[in-house]
Amino acid sequence: MRTLTLPNYIRYLFITPPLFMVVLYVTIYMNTGEWRFGLVFNRRLWEEVWMFLLESYIILFGVDTLIRFFNRRFAQQPNHWRRYAQEIAVLLVAGLALVNLVHWAFETFVVVPEADVAYLQLKLRQSKVIILTTLLITYAFLSGLNSFRLMQQARQEAIRLQKEFVQAQFESLKNQLNPHFLFNSLSVLSSLVHIDPDLSEQFIEKLSKAYRYFLEQREKETVPLQTELDFAETIAFLFTVRFPKKLVIDIQPPAPAANETIPPLATFLLIEHAITHSVMSAQKPLKIRLFTNGDHTLHIEHSWQPRPNEMPVSDMALQSLAERYQYLTDRTPYIGLVNDMYVAKLPLLQPA
């Protein structure tokens, strides 16, 4: 529950008088049948309506607190119909409780039932109408303001996500064209040229294909899963040539009928992340496996072989990938340890 502080009370005290004046004039009209401003200063009237001032404060405070509570309860879907159904149900129950409270206050402080039963019944009927009317008007007004605020927040959130997506694309592009990746690839190529000309020719072809993919897909939000896995095969070739006998990458083809999509270069970011943060050797190679198992998710997992004494770092590549998913879908990727495996589960998306 939200902690109530002095500023909350002060805010309601400033807002209450206008609402109370509406209640007061409704009361005057119900008593006299006229909209007479002069009756505002009538002493007897004030003796009867003082509790309506307190009532106005309670209604304003209660309705506002109710709306805030359901904003937290339905934080993910603030405009869901269940939210309004529950909110109105609570409002009606609270309204009936308030009616009974005011009835008791009338009987205790305003009139003596035995002296004027007809007068009491009139006032009780008036108070019931005033309370329910004030409650509904207050709820409609505050609920409208809340809906407007939520729409403004949703619009601002959409703008923020769009900006983050653009920034994520930029960060992703920097990782895609990582100078270390290019430098290391060229170093491997310079060694292969003198040792294995045929393999060096294949390496050049694969490197060219990889960078062509970098340039062609960087503007796209998603690509077909099979296209991304074909690119992963190309990257796997380059890395396994660079780390012979130290690295094993197993890429299993998806189901033939699968037509899901995935953010481009997601596999590259995760494979490079695994290699960068892992220890590998001919005796204990790093094994990376990519597969789908019918759950509309691409699994990328590898044996947990962290570098010794490596401090945890915030990886910008993984962060940019998570931000892209936030922009594209409400499904969240999972990246973390599961037993002795480092696992990434990337939700597959339906083609637009």
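User: Does lysine 245 count as buried or exposed in this predicted model?
Analyst: In this predicted model, the relative accessibility of lysine 245 is 72%. Exposed means over 50% relative accessible area. Because its relative accessibility is 72%, lysine 245 counts as exposed.

User: Where does lysine 245 lie, and what is its phi?
Analyst: Lysine 245 lies in the loop between α7 and β2. Most residues other than glycine have a negative phi. Lysine 245 has instead a positive value, and its phi is near 65 degrees.

User: In which loop is histidine 296 found, and how does it count at 44% relative accessibility?
Analyst: Histidine 296 is found in the loop between β4 and β5, and its phi, near 60 degrees, is a positive value in a residue other than glycine. Buried means under 20% and exposed over 50%, with partly exposed in between. Because its relative accessibility is 44%, histidine 296 counts as partly exposed.

User: In what order do the five strands form the open sheet, and which are the edge strands?
Analyst: The pairing in this open sheet is mixed, and the five strands follow the order β2-β4-β5-β7-β6. Two of these strands pair on one side only, and these edge strands are β2 (247-251) and β6 (334-338).

User: Which residue is the bridge partner of leucine 337 in β7?
Analyst: Strand β7 (residues 341-347) and β6 pair in the antiparallel sense over five bridges. In β7, the bridge partner of leucine 337 is tyrosine 342.

User: Which strands does helix α8 touch?
Analyst: Helix α8 (residues 266-276) packs on the sheet, and its direction makes about 155 degrees with that of β4. The strands that helix α8 touches are β2, β4, β5, β6 and β7.

Conventions. Residues numbered from 1 in each chain as written. Predicted model: local features only at pLDDT ≥ 70, side-chain atom pairs only at ≥ 80, totals over all residues. Heavy atoms only, no water. Pairing = 2+ DSSP bridges. Helix = DSSP H or I, 4+ residues; strand = E, 2+ residues; numbered from the N terminus. Contact = heavy atoms within 4.5 Å. Axes fitted to C-alpha atoms, helices over the stretch in contact; angles between N-to-C directions. Buried < 20%, exposed > 50% of the residue type's maximum accessible area, 1.4 Å probe, protein only.
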